[in-house]
Amino acid sequence: MSAAGRPAPTSYHPLDNPVLAALTGPHARFAERRGRVLGYRPEVSTWLALPEEPDARDWADAAPLVGADGTATLAGTRVVPPDGWEITFEVDGVQLVDESVDAVHYEEAVVLGGADVPEMLDLVERTRPGPFRPRTIELGTYLGVRRDGELVAMAGERMHPPGWTEISAVCTAPEYRGQGLGGRLILAVAAGIKERGEIPFIQAAGDNERAVRLYEALGFRLRRRIPFLGVRVPEPSRVPATAGG
């Protein structure tokens, strides 16, 4: 108990706020800050980290951190944006962590690089695994599978809180689904993460039962339920001017 007779606060876990933990840790080089708001550079990722109870100034500071399409993504919060902001989606998500993942490299997987980004963006557009920007590939290692020269499946590393790495952008072209490509790529990405001494984790929409069953079958277990919120910034004329942080 604390001196005031209240229970002492529980220790902070990097996955409690993975965006903030990543941007103040291993991904600090990708961070932009205004006031109390942190975000990935817009060309890298859509994630923002706001204070637990953001005020009007925080929302005004968040607006300039958003990319040209005006959209951003928040994790672990159910805050209500102020007037002028639009909620683009609300998802009850799940956060799963490695419990017994038998990570193994995949011979058919190739490391993807900058020259592959146009194909990666096209695959994302066709399969909708989640936000992916032109420089998202810089967040970590991305692996892909090619058939007849065409990129048909991929998975890679996204958020990087200290000691942890998120596996993300898991997607397979519709005509190649059912062949286990996604699962093998997840295990291959996990192998690289674990070889660095870090722990893989995955986040997904809770109602994506097929994906969640796959992750659990691969050895991930549910750590927590986590909300995801998509927002769109107001028109520029409606954003209060603020000084940079």
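**Entry 1: helix α3**

I looked up what covers the buried residues of α3. The cover includes β7, β8 (150–157) and β9 (164–172). I keep in mind that this is a predicted model.

Next I listed the buried residues of α3. They are Val117, Met120, Leu123, Val124 and Thr127. Seen down the helix axis, these buried residues fall within an arc of 120 degrees, so they line one face of α3. I recalled a rule about helices here. An α-helix has 3.6 residues a turn, so residues three or four places apart point the same way.

Then I checked what follows the helix. Arg128 comes after α3, and its phi is positive, near 55 degrees.

I moved on to Thr136. Where does Thr136 sit? I found Thr136 in the loop between α3 and β7. Is Thr136 buried or exposed? Its relative accessible area is 3%. Buried means under 20%, so Thr136 counts as buried.

I looked for a polar partner of the Thr136 side chain. A polar atom of that side chain lies 2.7 Å from the backbone nitrogen of Arg133. I then set aside the neighbours of Thr136 within four places in sequence. Beyond them, Thr136 is in contact with Glu43, Val44 and Tyr142.

**Entry 2: aromatic pairs**

How many aromatic pairs does the structure hold? I noted four. I wrote up two of these pairs.

I took Trp47 and Phe228 to begin with. Their ring centres are 5.9 Å apart. Their planes stand at 65 degrees, and over 60 counts as edge-to-face, so I call the pair edge-to-face. Trp47 lies in strand β3 (residues 47–49) and Phe228 in strand β11 (residues 220–232), so the pair ties together parts that are 181 residues apart in sequence. I checked burial too. Both Trp47 and Phe228 are buried.

I turned to Phe132 and Tyr142. The ring centres of Phe132 and Tyr142 lie 5.7 Å apart and the planes are at 85 degrees, so this pair is edge-to-face. Phe132 is in the loop between α3 (117–127) and β7 (142–147), while Tyr142 is in strand β7, so the pair ties together parts that are ten residues apart in sequence. Phe132 has 10% relative accessibility and counts as buried. Tyr142 has 1% and counts as buried.

**Entry 3: Ala22**

I looked up Ala22 in helix α1 (residues 18–23). Its relative accessible area is 0%, so Ala22 is buried. Which residues does Ala22 touch, leaving aside neighbours within four places in sequence? I listed His27, Ala28, Tyr40, His160 and Pro161.

I also looked up a distance. Ala22 and Pro234 are 212 residues apart in sequence. From C-alpha to C-alpha they are 27 Å apart in space.

**Entry 4: the whole chain**

I stepped back to the chain. I noted five helices and eleven strands. The radius of gyration is 19 Å, close to the 18 Å that the globule rule gives for 245 residues, so the chain is as compact as a globular protein of that length. The C-alpha trace spans about 55 × 50 × 30 Å along its principal axes.

I checked how much is buried. Of the 245 residues, 49% count as buried. The chain exposes about 12100 Å², and carbon and sulfur atoms supply 50% of that area.

My last look-up was on contacts. I took those between residues at least 6 apart in sequence. Of these contacts, 71% join residues at least 24 apart.

How values were computed:
Residues are numbered from 1 along each chain as its sequence is written. This is a predicted model: local features need pLDDT of at least 70, side-chain atom pairs count only at pLDDT 80 or more; totals for chains, interfaces and linings use all residues. Side-chain values use heavy atoms; hydrogens and water are left out. Rings of Phe, Tyr and Trp (its six-membered ring) pair if their centres lie within 6.5 Å; planes under 30 degrees apart count as stacked, over 60 as edge-to-face and the rest as tilted. Helices (H or I, at least four residues) and strands (E, at least two) are DSSP runs, numbered from the N terminus. Buried means under 20% relative accessible area, exposed over 50%, partly exposed in between (1.4 Å probe, protein chains only). A polar contact is a pair of N or O atoms within 3.5 Å; within protein, one must be able to donate a hydrogen and the other to accept it, and residues adjacent in sequence count only if both atoms are side-chain atoms. Contact means heavy atoms within 4.5 Å. The radius of gyration is taken over C-alpha atoms; the globule rule is 2.2 Å times the number of residues to the power 0.38. Accessible areas come from the Shrake-Rupley method with a 1.4 Å probe; for residues, only the protein chains shown count as cover. The arc is that of the directions from the helix axis to the C-beta atoms.
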